[in-house]
Amino acid sequence: MIVIKTEELNYLIYTYFLEQGYSHSAFALINEVKIDQQLYRDDVKPGQLINLLEKSLLFQQLQDHIQINQYYECKVPQLLIQKHVCQFTEKKQLAEKQERRDREMMIQNALMRSQEFVSRNGQTMDLNVELQQDIIQLQDEILLSDWNAQKNILAIYQPNCIKFIQNNQIIQIMPTVVGESFSRVKLMKFDRSSGNNMLIIYENGAAKVIDTTIQIIKMFNIKNAIKLLDFHWNLNWPNVVALIFEKDIEIVDIYKCQTLKYLENVIHFEWRHFDHFIVMDQNYYINLMQIDLEKPQLQLKAELETTLIEFNKRKTLLASFSSTLNIIKIWTLQNDEYVFEITDDQKILQFCWCSSQNANYLITLTSQTLNIWDVEFGQIKCTYEIDFNVTKMVSMDLLNDTPQVILIGEKVVLYDLINKKRRVFNCDTPNKVMRISDEEILFIQRSSYIVYKKN
């Protein structure tokens with residue numbers, strides 16, 4: 001327990017005045033506060049006030065610059081009164097401000113939006129405006145792909161090599177060699193915070209971290225790689241990765257080859273921000289956790305047979321989906337109670353968040369309908385009839401705040417859910433669809449890719 005006594009503080013200031021030659025100020029202070037000069041004479045050493053202040057600044061510096069058990073060195077001076085500002089602290093403060101703004105924006109948007117936002121029954125109009133198509137035919141099959149949004153680079157893995165493509169031009173080719181032989185790539189992704197690095201994991205457990213010039217930054221091995229299903233880069237730190245195994249999660253610092261946290265019996269994982277994340281265990285408890293803390297900060301009880309949990313774009317709302325009970329629950333993560341429940345007379349096949357700036361809309365897909373829900377009003381805002389079999393639904397990120405989804409099945413159709421328009425793409429069923437800008441959509445086919453853009 002820390003106790004600061006006024007008389008002790010006054011005596012330290014008194015000795016500081018004497019050390020600095022401020023004898024008149026020291027005399028005035030000792031007479032005004034009635035300090036007993038003999039009381040602490042043997043306990044106070046020269047420069048003790050300065051020494052204590054230096055220790056407090058050192059503690060503050062450590063507190064400001066430690067994240068995920070790692071100290072980030074800062075060359076900006078830590079001052080006594082002026083607020084410390086550096087690249088590291090600005091990033092933390094920006095995330096905290098954004099989270100507060102998101103909460104306020106959700107409330108304001110709910111109040112400002114009209115009940116006549118869109119009609120209850122949606123009638124879509126087909127768009128006939130021609131799109132420019134850049135069809136890039138590749139010789140071999142595309143086995144894996146990833147898009148680097150920061151650098152506008154497409155990475156494509158084909159047998160024995162990874163090709164890096166920018167503006168439809170191959171800029172780098174990396175042979176997938178481990179040791180002296182070719183090895184099959186199991187997973188590959190660009191880091192999500194800077195886009196400067198890519199992690200490549202091979203089926204034999206070998207792993208490489210490379211930069212955009214394909215220079216190897218780090219090599220290491222992953223144990224039990226046969227059970228590795230996926231990995232997720234931390235959204236803010238380019239050195240932290242969560243390895244997703246069949247039943248376990250291992251969070252590692254890939255540069256130090258150090259395990260930061262290991263969780264067993266986990267069936268779902270998702271980063272929130274910085275060192276915060278959520279996991280769902282086999283008992284269907286959703287735990288909001290932090291890397292350097294053992295106990296969950298919040299625990300939610302999801303429905304039995306919950307198969308999917310997903311944050312909205314701003315990470316302010318969480319949806320949990322029980323396919324058995326046909327229920328989606330919405331959580332705010334402010335307490336352990338859900339705030340809204342979505343059900344349907346028809347079987348809900350899939351759901352996704354509309355990636356708008358408001359992040360207030362959730363789309364559900366049944367065999368016959370596409371529904372857009374306003375989770376703040378707690379009602380369906382629009383329903384569209386589906387006239388073909390759908391195997392996959394993909395939400396499209398847009399900067400202009402217009403929720404759009406692409407349905408993939410017997411047809412490939414983009415729905416503009418607010419403007420009540422749709423576009424049918426005349427192409428084969430893609431393996432992967434990504435929006436790479438407000439004007440462009442990327443389709444990855446079996447041995448080619450197509451970039452659709454507005455003329």
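User: What joins β28 to β29?
Analyst: A hairpin of three residues connects β28 to β29. Strands here are DSSP runs of E with at least two residues, and helices are runs of H or I with at least four, numbered from the N terminus. This is a predicted model, in which local features need pLDDT of at least 70 and side-chain atom pairs pLDDT 80 or more, while totals for chains, interfaces and linings use all residues. Residues are numbered from 1 along each chain as its sequence is written, and side-chain values use heavy atoms, without hydrogens or water.

User: How do you know that β28 and β29 pair, and in which direction do they run?
Analyst: Two strands pair if DSSP finds at least two bridges between them. Five bridges join β28 to β29 (residues 369–374), so the pair meets the definition. The two strands run antiparallel, and Ile363 stands opposite Ile372 in β29.

User: What makes β27 a partner of β28?
Analyst: Four bridges link β27 (residues 350–353) to β28, again antiparallel. Cys352 has Ile363 of β28 as its bridge partner.

User: Why is β28 called mostly covered?
Analyst: Five of the five residues in β28 (361–365) are buried, where buried means under 20% relative accessible area, exposed over 50%, and partly exposed in between (1.4 Å probe, protein chains only). Tyr361, Ile363 and Leu365 point one way and Leu362 and Thr364 the other, and all of these are buried.

User: Is Asp146 buried or exposed, and how do you know?
Analyst: Asp146 has 5% relative accessibility, so it counts as buried. Asp146 sits in strand β5 (residues 144–148).

User: Which backbone atom lies 2.8 Å from a polar atom of the Asp146 side chain?
Analyst: The backbone nitrogen of Phe190 does. Neighbours within four places in sequence aside, Asp146 is in contact (heavy atoms within 4.5 Å) with residues including Ile153, Met188, Arg192 and Lys432.

User: Which strands form the open sheet, and what makes two of them edge strands?
Analyst: The order is β11-β12-β13-β14, with antiparallel pairing. β11 (185–190) and β14 (216–221) are the edge strands, as each pairs on one side only. Five bridges join β11 to β12 (residues 197–202), with Val185 opposite Tyr202.

User: What describes how α1 and α3 meet?
Analyst: Two packed helices are described by the angle and the distance between their axes. The axes of α1 (residues 6–20) and α3 (residues 48–65) come within 8 Å and cross at roughly 115°. Axes are lines fitted to C-alpha atoms, for helices over the stretch in contact, with angles from 0 to 180 degrees between N-to-C directions. Leu12, Ile13 and Tyr16 of α1 meet Gln48, Leu49, Ile50 and Leu52 of α3.

User: What sets Asn265 and Asn326 apart in their backbone angles?
Analyst: Most residues other than glycine have a negative phi. Asn265 has a positive phi of about 55°, and Asn326 one of about 60°.

User: Where are Asn265 and Asn326 found, and how is each classed by accessibility?
Analyst: Asn265 is in the loop between β18 and β19, and its 39% relative accessibility makes it partly exposed. Asn326 is in the loop between β24 and β25, and at 10% it counts as buried.

User: How many helices and strands does the protein have, and what share of its residues is buried?
Analyst: There are four helices and 37 strands. Of the 455 residues, 48% count as buried.

Note on methods:
Polar contact = N/O pair within 3.5 Å; in protein donor to acceptor, adjacent residues only side chain to side chain.
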